[in-house]
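Grab a pencil and let's work through a few exercises together. Try each task yourself before you read the solution.

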Amino acid sequence: MASISATLPSPLLLTQRKSNHTSNQKLPFCLSRGTIDLSPSPLTRNHSSIALMVKASGESSKSSTDLDVVSSIQNVWDNSEDRLGLIGLSFSAIVALWASLNLITAIDKLPVISTGFELVGILFSTWFTYRYLLFKPDREELSKIVKKSVADVLGK
């Protein structure tokens, strides 16, 4: 279990304005174990700081998705008969990613082509909004198309 506590000056968190009210300003600000307590806390303009305490608990510091990815890569490596092919494929993927990023950067530096791509993107977004999002029957049609595509990809 980890815990963090800090005392922060109030101008960092709140911008205070002068109001016409003569009463003390009370703000609902109290967090406890992921729930928000909306009861007014005695935070007034006379206080010069706000104290926060955050507590987190978990099973371990590493997330389970990190362990799943590492274990799946180890399983592929251990079960593979052609490790040289896997090395070549991973090297090819890294080179392709590097080349595509450099190509996109080079295209972005050309003034006419990047402006043309922006214009095509704006026109397509406008057409898509008019065609599928503006009217209710068209939104239902888009929903059916998306559901059919997901079912085709998942093999259902």
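**Exercise 1.** Which residues make the nonpolar surface patch of about 400 Å²?

Solution. This is a predicted model, so look at it with that in mind. The patch is formed by Leu110, Val112, Ile113 and Phe117. Now pick out one of them: Leu110 sits in the loop between α3 (83–109) and α4 (111–133). Its relative accessible area is 40%. Buried means under 20% and exposed means over 50%, with partly exposed in between, so Leu110 is partly exposed.

**Exercise 2.** Work out how the rings of Trp127 and Tyr132 are arranged.

Solution. Start with the count: there are 5 aromatic pairs. One of them is Trp127 with Tyr132, whose ring centres are 6.1 Å apart, with 85 degrees between the planes. Planes over 60 degrees apart count as edge-to-face, so that's the label for this pair.

Next, check the cover. Trp127 has a relative accessible area of 44%, so it is partly exposed, whereas Tyr132, at 15%, is buried.

Now do it again with Tyr130 and Phe135: centres 6.4 Å apart and planes at 80 degrees, so this pair is edge-to-face too. Tyr130 is exposed at 54%, while Phe135 is partly exposed at 43%.

Finally, Trp127 and Tyr132 also belong to one aromatic cluster with Phe124 and Phe128.

**Exercise 3.** Where does pLDDT stay under 50?

Solution. Begin with the chain: its average pLDDT is 74, and 58% of the residues score at least 70. Then find the stretch: pLDDT stays under 50 over residues 29–47. For that stretch, the model has 28 contacts beyond four places in sequence.

Technical notes. Residues are numbered from 1 along each chain as its sequence is written. This is a predicted model: local features need pLDDT of at least 70, side-chain atom pairs count only at pLDDT 80 or more; totals for chains, interfaces and linings use all residues. Side-chain values use heavy atoms; hydrogens and water are left out. pLDDT is the predictor's confidence in each residue, from 0 to 100. Contact means heavy atoms within 4.5 Å. Patches are made of residues with over 30% relative accessible area and no salt bridge: like charges are joined within 9 Å, nonpolar side chains (Val, Leu, Ile, Met, Phe, Trp, Tyr) within 5 Å. Accessible areas come from the Shrake-Rupley method with a 1.4 Å probe; for residues, only the protein chains shown count as cover. A salt bridge is a side-chain nitrogen of Lys or Arg within 4 Å of a carboxyl oxygen of Asp or Glu. Helices (H or I, at least four residues) and strands (E, at least two) are DSSP runs, numbered from the N terminus. Buried means under 20% relative accessible area, exposed over 50%, partly exposed in between (1.4 Å probe, protein chains only). Rings of Phe, Tyr and Trp (its six-membered ring) pair if their centres lie within 6.5 Å; planes under 30 degrees apart count as stacked, over 60 as edge-to-face and the rest as tilted.
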